[in-house]
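Please read it alongside the sequence and the structure.

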Amino acid sequence: MTMLRGALLLFCLLLSGRVFAEDEVAPNRRPVKAVAESRLAVGDRGILPLYVSADWSHPLPDITRAVVVLHGRLRNADVYYASAKTAQAAAGAAGQATIMIVPQFLSQIDVEAHQLPQDTLRWTLEGWEGGDAATGPTPASSFEALDAILARLADRSLFPKLTDVVVAGHSGGGQVVQRYAIAGRGEAALQASHIAVRYVVANPSSYAYFSAERPEPAIAASCPGFDNWKYGMQARPEYLAAATPAELEQHYAARRVIYLLGTRDINPNHPALDKSCMAEAQGPFRYARGHAYAAAMAGRDHGTPNHLLWDVEGVGHDADKMLTSACGLQALFDLPGCPADHGGH
């Protein structure tokens, strides 16, 4: 009877767990269950599927904010779109004036399983996370796809009253956002249109460092490739190759970045945690890795006057709870109330 009660308790816990708490647990080698219904041409490089909360093919004069949310390595944009809509609803009136966008970075197995057109962009199972070139139909970087989204948002004929763009991600999506904040070129068009941009990096497993110093130097010393991209500045993909590490750091330090860290995301054995030696050199778990990285950046020559770190008290590895927390809603929608904010944006 005790064993039966234990089994029932375990089943209930599993059933009640949020999908996002599992994020990257399931293997990413299976085709996605759903493909986003909207499409965006990335120049002449290929077509990107994405979810968009409003028809952005015609002017949207009531939209003042855009929030781009990035999925993790499972490529499950449908689940992330549901979470994005949850945050939008929690934001009330601010959410009503916001367009939510969730791009989907597919792989060949997805294109085949869903019999998608050959002009659909697809990447290796994990290469898109760091800006690698697509495997087809052209070698477009996944960061080029994000550039195309921001270029659409910078079009004043479509968004005459847009004032703010937020690029956000949790877990695997947070990894993408942190790297895109370093290298992304899409911000320039928005700035030219006087649209403010910020990047929200929530509970990622790892970060891209600008030096060879790490919080766990002994692990780094025994880890070949610990300083290779996406963990460091060596062996960067083509999208980043032209700029020097110093130039990339200068750009990153100037950008507006908010690190959202759940104070209970402290499990060193979490099934979705990156346990490679490259990541372990950054600390034992996500919360520690985030604080160590922010401290390292603050101590660099450039400093990080535009970077903020907000602890989300009592929350672990759960995107819904992170993004709908007081700090999450302030990061995404500028709603006041984050107790960790000591100076605002």
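At what angle do the axes of α6 and α7 cross, and within what distance do they come?

## Basis of the description

This is a predicted model, in which local features need pLDDT of at least 70 and side-chain atom pairs count only at pLDDT 80 or more, while totals for chains, interfaces and linings use all residues. Residues are numbered from 1 along each chain as its sequence is written, and side-chain values use heavy atoms, with hydrogens and water left out.

## Helices α6 and α7

The axes of α6 and α7 cross at roughly 75° and come within 11 Å, where axes are lines fitted to C-alpha atoms, for helices over the stretch in contact, and angles run from 0 to 180 degrees between N-to-C directions. Helix α6 is therefore roughly perpendicular to α7, a term that covers angles of 65 to 115 degrees. Helices here are DSSP runs (H or I, at least four residues), as are strands (E, at least two), numbered from the N terminus.

On the α6 side the contact (heavy atoms within 4.5 Å) is made by Phe143, Leu146, Asp147 and Leu150, and on the α7 side by Val176, Arg179, Tyr180 and Ala183.

## The buried side of α11

Helix α11, residues 245-254, has Leu248, Glu249, Tyr252 and Ala253 as its buried residues, buried meaning under 20% relative accessible area with a 1.4 Å probe and protein chains only. Because these residues cover an arc of only 130° around the axis, they lie on the same side of α11; the arc is that of the directions from the helix axis to the C-beta atoms. The partners against which they pack are α7, α10, β7, α13 and β8.

## Aromatic pairs and charges over rings

Across the whole structure, a search finds 11 aromatic pairs, defined for rings of Phe, Tyr and Trp (its six-membered ring) by centres within 6.5 Å, with planes under 30 degrees apart counted as stacked, over 60 as edge-to-face and the rest as tilted. Phe105 and Trp123 form an edge-to-face pair, with 5.3 Å centre to centre and 70° between the planes; they lie 18 residues apart, in the loop between β4 and α5 and the loop between α5 and α6 respectively. Both Phe105 and Trp123 are buried. Phe210 and Tyr252 form a tilted pair at 5.9 Å and 35°, and because Phe210 lies in the loop between β6 and α9 while Tyr252 lies in helix α11, this pair ties together parts that are 42 residues apart in sequence.

Phe143, Tyr180, Tyr199 and Tyr239 form one aromatic cluster. Arg185 lies over the face of Tyr239, at 3.9 Å from the ring centre, the criterion being CZ of Arg (or NZ of Lys) within 6 Å of the ring centre and within 35 degrees of the ring normal.

Key
Buried means under 20% relative accessible area, exposed over 50%, partly exposed in between (1.4 Å probe, protein chains only). Angles under 35 degrees count as roughly parallel, over 145 as roughly antiparallel, 65 to 115 as roughly perpendicular and the rest as oblique.
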